[in-house]
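User: Could you take a close look at the spot where the ligand sits, and walk me through what is around it?

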Amino acid sequence: MTTRVQSTVLRICREHKNDRTRLVDIARAVQAEFGCVGEEATDLIAGAVGIPRVEVESLVSFYSFLSTEPEGGIVIRLCDDVVDRMVGYDRVLEAFEEELGIGLGETTPDGKFTLKRTACIGMCDQAPAALINDVVVRKLRPGFAREIVAELREHGDPGELATDFGDGNNAHKLVRSVVHNNVRQPGPVIFSPINRSEAIRKALAMSPAEVIRAVKTARLRGRGGAGFPCGMKWEFTRASGDDDKVVICNADEGEPGTFKDRVILTELPDRVFAGMTIAGYAIGAREGILYLRAEYAYLRRFLEAVIERRREDGLLGASILGKVGVDFDIRIQMGAGAYVCGEETALISSCEGLRGDPKNRPPFPAQRGYLGRPTSVNNVETLCCVTKVMEEGPASYCEHGTPASSGTKLLSISGDCHRPGVYEVEFGIPLRDVLELCGAEDAVAVQVGGPSGQMVAPDEFDRRICFDDLATGGAMIVFGPERDLLEVVHQYLDFFEDESCGYCTPCRVGTVLLRRCVGKILEGRGEPSDLDQLERIAGTMKSTSRCGLGQTAGNPVLSTLERFRGIYESRVKADPEGLRRAFDLSAAVKTAEGIAGRESVHAEH
Ligand code: SF4
C-alpha cells in the first residue's frame with residue numbers, strides 16, 4: 001500500500017471526523033486528490049468510517065463526478081444537453097477529440113486529460129458549454145475548443161482559462177468565472193433590492209406560528225414544480241414531535257434547461273440564506289444545509305464567504321440578532337453529479353452520505369427526513385419568496401400573480417430565441433407574451449418545465465404560466481421550425497435512461513424501452529403499433545414508478561404523441577406482408593456472432 005495514498009486518504013477521513021454521513025465529501029476530496037477513488041482508497045475509507053467497502057464502491061459508482069478508474073488531472077465535461085446539441089455540440093466534441101487524440105470517456109496516454117460528456121450543467125443560455133474540472137467555459141466553437149486544449153497543455157491550470165469575467169458577482173474574486181447572468185427581466189419579488197437583515201428582524205418579532213401563518217396567507221407554493229404550499233410543509237415539520245429539525249435548501253437544479261438558481265445563488269445569496277433562517281425559526285430547526293449541485297462548485301467559496309459574513313453580522317449562529325434561544329447555522333453540502341438528487345428524498349440520502357436513492361414515502365421528510373429528523377426541503381426560489389413575504393407582508397406579496405398562484409416566477413429560457421436568459425414574470429402571463437419577450441418569433445414548440453414537463457404546441461400559446469394551467473419549475477426551451485422534435489424526444493429519453501437510479505423496474509426498464517422504440521422509429525423501422533406500445537409503457541411508468549423521475553420520464557413521449565402525433569405517424573408504416581420490419585435479424589445475432597467468433601448464416605427477405 002502506497003504511503004501517500006494511505007496518509008492522504010486517512011487525513012481526508014479524519015478531517016471529516018471519520019463520519020460515515022460525510023461519505024460524499026470524503027469521496028469528492030479523494031477524487032480531487034487522485035483523479036479517482038481507487039481500490040486502495042476504497043479500502044482505507046471503508047476502514048476509517050467503519051462500513052463495508054461495497055458501500056463505498058456503490059456510492060462512487062452512483063455519482064457521475066466520481067470514478068473508480070483513474071481520470072486525467074484535467075477532466076473536460078462537455079455538456080450534451082438538447083440545447084447544446086442545437087448550437088454545435090457535435091462540432092465542438094469533434095474538435096476536442098481531434099485535438100486531444102482521444103474519444104469520449106477516454107484519457108490521454110500521458111494521463112493529463114479526460115474527455116467526458118455530462119448532462120445539463122445549467123448553462124443553456126450560453127451553450128455549448130463545458131466544465132473543465134470546476135471551471136465553466138461557455139459559447140464554445142471548434143476553434144475555441146482547440147485553443148483551450150493548447151492553453152491547458154501550456155500551463156495546465158483550468159483556473160487560468162477565465163480572463164474575461166462575466167457580469168455581477170461572476171467577476172467577484174472568489175468566483176472569477178466567465179459565466180454571464182443574462183438577467184433579461186428582473187421583477188418585483190426575487191430581484192427587488194434586499195436589506196440583509198430586515199426580513200429576519202421582522203420574522204423574529206413574530207412567533208413561529210405567526211410566521212407560518214404569514215407564509216400561508218401569502219399562499220406561497222413551492223417553486224420546484226409540484227407547487228406544494230410552503231406554509232403547510234412548515235406546519236407539518238414543526239408539528240413533528242422531534243425538536244431536532246433541519247432545513248434543506250435544494251440548490252440542485254438539474255432539470256435540463258434550468259439555470260435560474262445559478263443566477264440567484266450568484267447575485268442574491270443573502271435572500272436565500274435569509275429565507276433559510278426564517279424557515280429554521282418557523283419550524284424550530286437549528287441546522288440548515290444548502291445542497292449545492294456539483295456543477296456549481298465554482299460558486300462554493302463565494303457562498304461560504306457570504307455565510308461567514310452573515311455569522312459575523314449576527315444573522316447566523318447563536319442568538320440571531322441578539323435573540324436568545326434563536327440559533328441557526330448553515331453548511332454547504334456538495335452534490336457529486338446526479339439528476340435524481342433534485343428529488344427531495346434522494347437529496348436527503350445524498351446529504352446523509354449515501355447514494356442518491358429516493359426513499360419510500362411515508363414517512364415524509366417532514367416526519368422523518370435527514371438522519372431521521374423532521375426536515376423541510378425548500379427550493380432556492382421558494383426561500384427567496386419567503387424573504388420577500390417577511391419584508392413586505394403577505395398582502396403586498398399577493399398583489400402579484402393570480403389568486404391560486406401568488407407572486408412571480410423565474411423562467412430560464414433558451415433554445416431558438418434571440419434573448420435567452422432569466423425572466424421574472426408575474427404568474428398568469430400567457431406563454432405567447434413570454435415568447436415575445438425572449439424574441440422567439442417562429443416557435444413551433446416549447447418545452448415547458450424541462451423534459452419532465454410538457455411539449456406545448458402553437459395552438460396552446462395562449463395558455464398561462466401558473467399552477468392551475470402551465471405549471472413549471474422554470475425551464476423553457478424554444479424549438480423553431482427546423483428542429484426535429486422526434487430527435488429531441490430521443491435525446492430526452494437518453495437522458496432519463498442515464499439518470500434513472502435503477503431501483504425500480506418500471507423506470508429502469510421503461511426508460512430503455514422507450515428510448516429504443518423512438519430510436520427505431522427515427523431509423524425508419526417503426527410500425528403503427530409502436531405508438532400504442534409507447535403510450536402503454538409511458539403510462540405504466542407514470543403509475544408504477546417509485547419517484548418523480550420515473551413518473552415523468554415518459555412525458556416527452558406522451559406530450560408529443562398527444563400534440564405532435566404527425567412526427568411519429570409520418571415515419572411509421574405497416575409491412576404489406578404483415579412481417580415485423582422492425583426486427584433486424586442480422587443485428588439481433590451480432591453479439592452471439594462475436595462470442596462464437598463466426599458469422600451466422602440466415603436467409604434475408
Ligand atoms: Fe430510481 Fe427511477 Fe425508481 Fe425513481 S423511479 S426510484 S429514479 S428507478
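Analyst: Around the ligand there are 13 residues, and the closest are C501, Y503, C504, C507 and C547; a residue counts here if one of its heavy atoms lies within 4 Å of the ligand. Keep in mind that this is a predicted model, where local features need pLDDT of at least 70, side-chain atom pairs count only at pLDDT 80 or more, and totals for chains, interfaces and linings use all residues. Residues are numbered from 1 along each chain as its sequence is written, and side-chain values use heavy atoms, with hydrogens and water left out.

By class, that shell splits into 8 nonpolar, 4 polar and 1 charged (Ala, Val, Leu, Ile, Met, Phe, Trp, Tyr, Cys and Pro are nonpolar; Asp, Glu, Lys and Arg are charged; the others, Gly among them, are polar).

So where is the ligand? It sits in the largest cavity, meaning more than half of its atoms lie within 2 Å of the cavity's grid points. A cavity is a set of points, on a 1 Å grid over the protein atoms alone, where a 1.4 Å probe fits but cannot get out, and lining residues have an atom within 4 Å of a point. Searching the whole structure turns up 1 cavity of 30 Å³ or more. The largest cavity has a volume of about 80 Å³, which is the space filled by probe spheres set on the points, with points joined across faces, edges and corners.

Its lining includes C501, Y503, C504, C507 and C547, along with V340, P358 and R546. Sorted by class, the cavity lining has 8 nonpolar, 3 polar and 1 charged residues.

How values were computed. On a 1 Å grid over the protein atoms alone, a cavity is a set of points where a 1.4 Å probe fits but cannot get out, and a pocket is an open set with protein on both sides within 12 Å along at least five of seven lines; lining residues have an atom within 4 Å of a point.
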